[in-house]
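Colleague: Could you walk me through this one before I set anything up? I'd like to go from the whole chain down to single residues.

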Amino acid sequence: MAKSLRSKWKRKMRAEKRKKNAPKELSRLKNILKIGGDVLMKDVQEIATVVEPKRCQEKTQCVVKDETDDMKMETDIKRNKKTLLDQHGQYPIWMNQRQRKRLKAKREKKKGKSKARALKAAKGLAW
């Protein structure tokens, strides 16, 4: 079970909360253990290890001197606004199966009408 979007989102948010609260929990644990005084801090470090959060500022500092327009990525997806299909015939990720099925049926219905009209016109010109 537990495969719904809601449960996936909740799991993701819980993991982020754990990351955020981990340093606070470690400091609380150390304070509690100081009161007891029996346990060594080396033992605590083996039990609870906290990974320091990566500094976003260090990673995002990107100095580009010579290149001005070469940094632009070619990730633009060419998508038909009417059918919502991209150049490979794929629907967007956010679209559910029901919506895809409806759009496909609508496309097939139009294709069928255009073929029928072409056949009628061809029959009319035959004699």
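Colleague: To start with, what share of the 127 residues in the chain is buried?

Modeller: Buried residues account for 8% of the 127 in the chain, and please keep in mind throughout that this is a predicted model. The chain exposes about 13100 Å², of which carbon and sulfur atoms supply 56%.

Colleague: And how many helices and strands does the chain have?

Modeller: There are four helices and zero strands, so that reading along the sequence gives the pattern α-α-α-α. Of the contacts between residues at least 6 apart in sequence, 12% join residues that are at least 24 apart.

Colleague: Where is confidence lowest, and where is it highest?

Modeller: The lowest mean, 47, belongs to helix 3, residues 56–60, whereas helix 1, residues 5–36, has the highest, at 87. For the chain as a whole the mean pLDDT is 75, with 58% of the residues reaching 70 or more.

Colleague: What about contacts over residues 57–64?

Modeller: Over that stretch pLDDT stays under 50, and the model has two contacts there beyond four places in sequence.

Colleague: Then what does the side chain of aspartate 86 reach?

Modeller: It reaches the backbone nitrogen of glutamine 90, at 2.6 Å. If neighbours within four places in sequence are left aside, aspartate 86 is in contact with Ile77, Lys78 and Arg79.

Colleague: Lysine 78 turns up there; is lysine 78 buried or exposed?

Modeller: Lysine 78 is exposed, with a relative accessible area of 60%, and its place is in the loop between helix 3 and helix 4. Beyond four places in sequence, lysine 78 is in contact with Leu85, Asp86 and Gln87. Its C-alpha lies 9.2 Å from that of histidine 88, a residue ten places away in sequence.

Terms used:
Residues numbered from 1 in each chain as written. Predicted model: local features only at pLDDT ≥ 70, side-chain atom pairs only at ≥ 80, totals over all residues. Heavy atoms only, no water. Helix = DSSP H or I, 4+ residues; strand = E, 2+ residues; numbered from the N terminus. Buried < 20%, exposed > 50% of the residue type's maximum accessible area, 1.4 Å probe, protein only. Contact = heavy atoms within 4.5 Å. Areas by Shrake-Rupley, 256 points an atom, 1.4 Å probe, with all protein chains shown as cover. pLDDT = per-residue confidence, 0-100. Polar contact = N/O pair within 3.5 Å; in protein donor to acceptor, adjacent residues only side chain to side chain.
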